[in-house]
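Here's a quick briefing to read alongside the model. Have the sequence and the 3D view open as you go.

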Amino acid sequence: MTSDKATRPVVLVAIDWYLPAYRAGGPIRSIANLVAALGDEIDFRIVCGNRDLGESKELQVKANTWTTFGKSQVQYLPQKDWTAAKWEDLLKEVQPNRLYLNSLYSGPFSRLPWKVARKMGVPTTLAPRGMLGTGALSIKPLRKRAWLQLQQLTGAYQDITWHASTEQEKEEIQRWFPRADIRVALNLPVPFDPLPAPVSDGAVRLLSVGRVHPIKNYSFAVAIAQRLATAGHKVQYDIVGPIEDKNEAETLRHAAQGIQLNLLGPTPPATIRQHFGSAHLVLVPSLNENYGHAVAESIAFGRPVVVSNQTVWSTMQTSPSVACLPLDISAWTQAAANLLSMDSEDIIRLSNETYHHCLLDPLHLEAQRTLFAP
């Protein structure tokens, strides 16, 4: 394995799952988009597990060797190699300018490599990926808060640099680590590539993309779909994402009276466009989103979207093709009706405006570059 380190900084990325894995959703897409945008400028070496989220079957990849994937080199580790000794070997081999962690709580791909890197004096950046948000901390709160308090007492993260995806996340980090060194850089989106208007068969097709979990608040979206059905529409509501909470899935199925609800499970990135292509409107009623890949992808694919104001999108100045609203059923129903009545060419024009104003401009790219400066 060779590197033009003299001209490109080397960044060793640690993440539990990476392509061709896809079930973990947002963090994988964040790194894939980052590599696509800056892989010609930065030498990304990605180290991850060799299974997808929740899967016992290994990915069809070679383990413990560097494999070219897009503009990066990836090494997939079987569980037996999730050790301090392996991370020490990797850091000595790669000699990165920076280690980049993508989880706060992961033992093998965050806490362990950070412990080794700190001992070796390797500069390290940690992206908590929304794990310090109020909604995220409401899941298993006692365990998470106890662990965070322990880190405060021990000073285990006092030497690390933090990557906040938004100003809101910066505040979340400071709440627990007041003296933290924090860099703010919005996650990079997929390219703007709008899809043609879906072929109409008389049904209103709604879409949500993300894991089936209470924090995603899909029961609220089901209620919106039912309001539209009551107004005389035939409504199909597709949810694309892994079923992490079976009780939540059953709750949604029982609640979906008068609409066609499809829990489609996870899908590879290569086929996600098909789901957006058949959708008239995207709903993101989440109680917490660090970035909101479903919103960004809706914009990039030229689809209107309604998103909760309990997400980072409450701080964005979007065009009218994106409605960011409190979780009020009447307000969401009216916004959905308005967006469904808009001309498809207007939606694409407005989506383009939002994309270049909110998601990808020179300042966003420069902020990402600064994260990895030697």
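Predicted model: local features only at pLDDT ≥ 70, side-chain atom pairs only at ≥ 80, totals over all residues.

Residues are numbered from 1 along each chain as its sequence is written, and side-chain values use heavy atoms, with hydrogens and water left out. Helices (H or I, at least four residues) and strands (E, at least two) are DSSP runs, numbered from the N terminus.

**The mixed sheet**

- An open sheet of 8 strands runs in the order β3-β4-β2-β1-β5-β6-β7-β8, with mixed pairing; two strands pair if DSSP finds at least two bridges between them.
- Its edges are β3 (67-69) and β8 (181-184), each pairing on one side only.
- From one strand to the next, the twist averages 30°; angles run from 0 to 180 degrees between N-to-C directions, and axes are lines fitted to C-alpha atoms, for helices over the stretch in contact.
- At the β8 end, β7 and β8 run parallel and are joined by 4 bridges, with Thr-161 having Asp-181 in β8 as its bridge partner.
- Helix α1 (residues 26-38) lies across β1, β2 (43-49), β4 (72-77) and β5, at about 160° to β2.

**The parallel sheet**

- Here 6 strands make an open sheet, ordered β11-β10-β9-β12-β13-β14, and the pairing is parallel.
- β11 (260-265) and β14 (322-325) are the edge strands, so to speak the two ends, each pairing on one side only.
- Neighbouring strands are turned by 20° against each other on average, direction ignored.
- β9 and β12 (residues 281-284) run parallel, joined by 2 bridges, and Leu-206 stands opposite Leu-281 in β12.
- Helix α8 (residues 246-255) lies across β10 (234-240) and β11, at about 160° to β11.

**Nonpolar cores**

- A nonpolar core is a set of buried Ala, Val, Leu, Ile, Met, Phe, Trp, Tyr and Cys residues joined through side-chain atoms within 4.5 Å; buried means under 20% relative accessible area, exposed over 50%, partly exposed in between (1.4 Å probe, protein chains only).
- The largest one has 33 residues, and those with the most contacts inside it are Leu-12, Val-47, Trp-87, Leu-148, Tyr-157 and Trp-162.
- Elements giving two or more residues to this core include β1 (10-14), α2 (84-94), α5 (141-154) and β7 (161-164), while α3 gives the most, with 5 residues.
- Beyond its neighbours within four places in sequence, Trp-162 is in contact (heavy atoms within 4.5 Å) with residues including Leu-104, Pro-128, Tyr-157, Phe-177 and Arg-183.
- Another core, of 28 residues, lies apart from the largest one, and among its members are Val-204, Val-235, Ala-249 and Leu-261.

**A buried arginine**

- Arg-205 is in strand β9 (residues 203-209) and counts as buried because its relative accessibility is 18%.
- Leaving aside neighbours within four places in sequence, Arg-205 is in contact with Gln-236, Ser-278, Ala-279, His-280 and Leu-281.

**The α10/α12 pair**

- Helices α10 (residues 293-300) and α12 (residues 344-359) pack at about 130°, with their axes 8 Å apart.
- The two are therefore oblique to each other; under 35 degrees counts as roughly parallel, over 145 as roughly antiparallel, 65 to 115 as roughly perpendicular and the rest as oblique.
- Ala-296, Ile-299 and Ala-300 in α10 meet Ser-351, Thr-354, Tyr-355 and Leu-359 in α12.
- By class, this contact has 5 nonpolar, 2 polar and no charged residues; Ala, Val, Leu, Ile, Met, Phe, Trp, Tyr, Cys and Pro count as nonpolar, Asp, Glu, Lys and Arg as charged, and the others, Gly among them, as polar.
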